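Q: Could you take a close look at one part of this structure for me, beginning with a single side chain and what surrounds it? I would enjoy a connected walk-through.

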Amino acid sequence: MASISLLRLSPIPTPKTLSKSHPFSSFNPPLTPFLKFPPKTRLSQKSTVTRMSYNPTPAIDRLVSAVSYTLPFFNSLQYGRFLFTKYPSLALLVDPLIPLLSLYRSIPYASFVAFFALYLGVVRNPSFSQYVRFNAMQAVTLDVLLVVPLLLTRILSPGRAGLGFKLMVWGHNALFLFSCFCFVYGLASSVLGKTPYLPFIAEAAGRQMMSGCVNEELSAKHNDLL
């Protein structure tokens with residue numbers, strides 16, 4: 001009897017009292033998802049994102065980017081002489097470009113002038129957009145790579161017969177087809193306002209662009225300090 005009276009007077013709550021007085025006894029998690037937006041808010045946000053992502057490339061940027069890819073293509077035509085000799089019908093595709101090509105070759109040192117004009121006037125010119133500068137950098141990188149096989153041919157001098165001559169013919173044909181693919185792909189992408197990523201070229205061009213941007217930032221900070 002004494003123990004029963006002590007239990008009645010003790011401050012320890014009974015299970016019924018605990019379920020009513022416990023602060024978390026009435027907690028019920030919401031059934032709706034967390035941060036659920038109403039339908040009107042979601043539609044307005046989607047339309048805003050769509051308007052912000054729609055940013056067409058200007059026409060002048062497309063034009064400069066498309067013209068940039070003509071430099072490596074003109075310089076790669078010398079690698080297609082074996083294909084033109086074997087398949088004369090293939091030369092008909094180049095006939096519309098003969099007047100422009102004749103004008104290009106009539107200018108003394110046209111290749112060097114066009115190369116430095118494209119590199120210094122476009123790639124290193126911050127007034128142009130990153131889109132134009134990247135496409136010009138790809139064209140410049142491709143043009144530099146096309147000079148290497150020509151130098152190797154002059155150094156090794158494979159002759160006009162034998163295995164060395166066959167390897168040279170296969171290499172020139174592959175280079176010409178690769179340059180044609182890069183020219184058509186780069187030209188079509190530039191006209192459509194898309195960024196072309198040339199195989200084996202885009203990564204090297206991207207590294208050069210990154211180093212150029214870093215140098216521009218360093219020079220700008222240096223000028224600010226002065």
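A: Gladly! In this predicted model, let's start with a polar contact: the side chains of Q138 and Y69 meet at 2.9 Å. Q138 sits in helix α9, which covers residues 130-156. Its relative accessibility is 0%, and since buried means under 20%, Q138 counts as buried. Leaving aside residues up to four places away in sequence, Q138 touches Y69, P196, Y197, L198, I201, A202 and A205.

From here we can turn to the aromatic rings. The model has 10 aromatic pairs, counting rings whose centres lie within 6.5 Å. One of them joins F73 and F183: the ring centres are 4.2 Å apart and the planes meet at 15°, so this pair is stacked, as planes under 30 degrees apart count as stacked. The pair links distant parts of the chain, with F73 in helix α5 (residues 70-76) and F183 in helix α10 (residues 163-192), 110 residues apart. Both partners are shielded: F73 is buried with a relative accessible area of 7%, and F183 counts as buried at 14%.

The rings of F74 and Y104 make another pair, with centres 5.4 Å apart and planes at 50°, so this one is tilted. F74 lies in helix α5 and Y104 in helix α7 (residues 98-106), so the pair ties together parts that are 30 residues apart in sequence. Here too the residues are buried, F74 with a relative accessible area of 9% and Y104 with 16%.

Within α8, the residues A110, F115, L118, V122 and V123 are buried. These five cover an arc of only 135° around the axis, which puts them on the same side of α8. On the other side of α8 you will find F112, V113 and L120, which are exposed.

How values were computed: Residues numbered from 1 in each chain as written. Predicted model: local features only at pLDDT ≥ 70, side-chain atom pairs only at ≥ 80, totals over all residues. Heavy atoms only, no water. Buried < 20%, exposed > 50% of the residue type's maximum accessible area, 1.4 Å probe, protein only. Helix = DSSP H or I, 4+ residues; strand = E, 2+ residues; numbered from the N terminus. Arc of directions from axis to C-beta. Polar contact = N/O pair within 3.5 Å; in protein donor to acceptor, adjacent residues only side chain to side chain. Contact = heavy atoms within 4.5 Å. Phe/Tyr/Trp six-rings, centres within 6.5 Å; stacked < 30°, edge-to-face > 60°.
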